[in-house]
Amino acid sequence: MKSDNQPAIEVSNLTKHYDEVIAVNDISFQVSHGELFGFLGPNGAGKTTTINILTGLARLDAGKINISGIDCTRNPKAAQHLIGIVPDESNLYPELTGFDNLCFCAALYGIRKSERQQRAQELLKIFGLTDAADRKFAGYSKGMKRKLTFAAGIIHQPPILFLDEPTTGIDVGSARQVRQIIADLHHKETTIFLTTHYIEEAERLCERIAFIVNGRIVRTDRTADLLEPVKGKNVLLLSISNSGASLSREMDSAFPGYQFQSTASGQIRVESAEPVNVGPLVRFLEEREVQVTEARRHLPSLEDVFVQVTGIEAELMRKDKEKAGDGGGNQ
Amino acid sequence: MKRWVAFSSIFAKDMRAYYLKPPNVSWGIIFPLAWTGMFFIRSGMGLESVLELLPGVVTISILFGTTSLLSVTLTFERRSRSFERLLLAPISLELLMLAKTSGAILFGIVNAFVPIAIAAFLADMSGISWSLVVPAIVLIGIVSTFLGLFISVSASEVFEAQTFSNFFRFPMIFLCGLFFPILSLPIFVRWLSYILPVTYGVDILHGAVNGEHIMSFTLDFLILGAFCIVLFAVSLRNIKRRWIV
């Protein structure tokens, strides 16, 4: 039974194993109707597994799922008419044209011919694919494939939308376009469950975010509340020619108002409640034969919160994804 | 109505994308032609042997047509993940798989009529009981397709599906009474004939074309029907267990 008082998505104690590996470990969360909820975590954190379970592509081992008040725990098909999904990889039919792919996906939801053709034309226009409408999907570029897959996920105008890494592997322009479409859908009250490894994307788009690491949710909060602890902090990033790690104790005593930290990319991160004075720091390092090649002011963001909460360096997360074949559309 | 739209779209898409592709259409014609020619020459008999060979050639055309294409298309869609699109559709798995297999069933039925059309030019077919031949062809088409489905669900690669198909198909040529009467088989392998679904379809066809059959037609139809239900049910259970993990 659907009820407006019920959350759009309600997950309780969801657990999933693949042989000995725990992919999702006792996670619980709720997403309200019309909310844009982000699931942020590195590769292998359990994001896609969670989406697969919620959409009926994978079975759960334990827990409970409600979609719009419909109990989908044992019958994942029960709410499939309410959901749309944009998977992490394009999965349309290579031998069909872009237009035919969209019409076919609409037909799967029982939409009549004239309506699905009109909707397909509209979406091709929105995604800038009208010129490629009659070309086979196999001949599309990666970005075009991703956009058409996105269009196929919303062709039936679902009230609940699952987006699995929607901007991964596409060019900057396409990624911006996709983000704008996500924002538009959100304004139209579509409930959106978004997984991403792009912290900036989550910060920019999501109202609430859950950090997921090794199958466990380590924190869930409103984006504004997550950012509260880093608000007003002054951070300076110093790029240096050789390691300054051995100087950290000396720096701590020389600059007591500052906090120093060496990052994974070999920079020195300086944090302070007051604006950081660059000159004395550079002189201090150069006197000790450490060349400073760049000093850059850093605006504290969700990335800092993520690093604090999860202990995972955002830079490593990005590189990890790039290794997995991501072209990087997060700009 | 919505379910019918989904069903017919899956059927139409498969027909267009796979079964009506020129290589498959030509294969559907050449394959039965080759089998007909081969057995006709091999038998060394005159034109009177055409009707004797017809049930076997019809069955083999359906069997190879359905199992080859279905196992390849399903495995391919699963590998490319486009099958997930179908699993996400708000239709039952039963209806989805019926839609996915209906194209192969139709392909098999059409294949069956290629040797029949050839035979019509070579022999007198006035004695054939078409009221038995047509439902038998439809049921052989369904049971062969569901056998192909069963095989596809067990395979993860196209070559695996083909190898697995041959494991079933080639013994059937010898064991199901297609070209050699079951009663002429050694007793210790004869039981194998009776656990293969095609045996019952061939028995109906032999009876309808030449008047020679081992079992009653009713029993043949009932057993074929039962095989269809069991193969479909087992395939669905395997899809749930293996593809939705």
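A residue is called buried here if 20 or more other C-beta atoms lie within 10 Å of its own, exposed if 12 or fewer, and partly exposed in between, with C-beta atoms placed from the backbone. Helices are DSSP runs of H or I with at least four residues, numbered from the N terminus. The model is predicted, and local features need pLDDT of at least 70, side-chain atom pairs count only at pLDDT 80 or more, and totals for chains, interfaces and linings use all residues. Residues are numbered from 1 along each chain as its sequence is written, and chains are lettered from A in the order in which they are written.

In helix α9 (residues 278-287) of chain A, one of the ten residues is buried, so the helix lies largely in the open; α9(A) is followed by Glu289(A), whose phi is positive, near 60°.

| Domain of chain A | Residues |
|---|---|
| Domain 1 | 9-225 |
| Domain 2 | 232-299 |

The centres of these two domains, taken over C-alpha atoms, are separated by 41 Å.

Arg176(A) belongs to helix α5 (residues 172-187) of chain A and counts as partly exposed because it has 15 C-beta neighbours inside 10 Å. Its C-alpha atom is 30 Å from that of Arg216(A), which is 40 residues away along the chain.

The contact between the chains, in which residues pair if their C-beta atoms, placed from the backbone, lie within 7 Å, takes 24 residues from chain A and 20 residues from chain B. On the side of chain A that touches chain B, the largest share, three residues, comes from helix α2 (residues 98-107) of chain A.

Note on methods:
Domain bounds come from an automatic or database domain assignment. Helices (H or I, at least four residues) and strands (E, at least two) are DSSP runs, numbered from the N terminus. Two residues are in contact if their C-beta atoms, placed from the backbone, lie within 7 Å.
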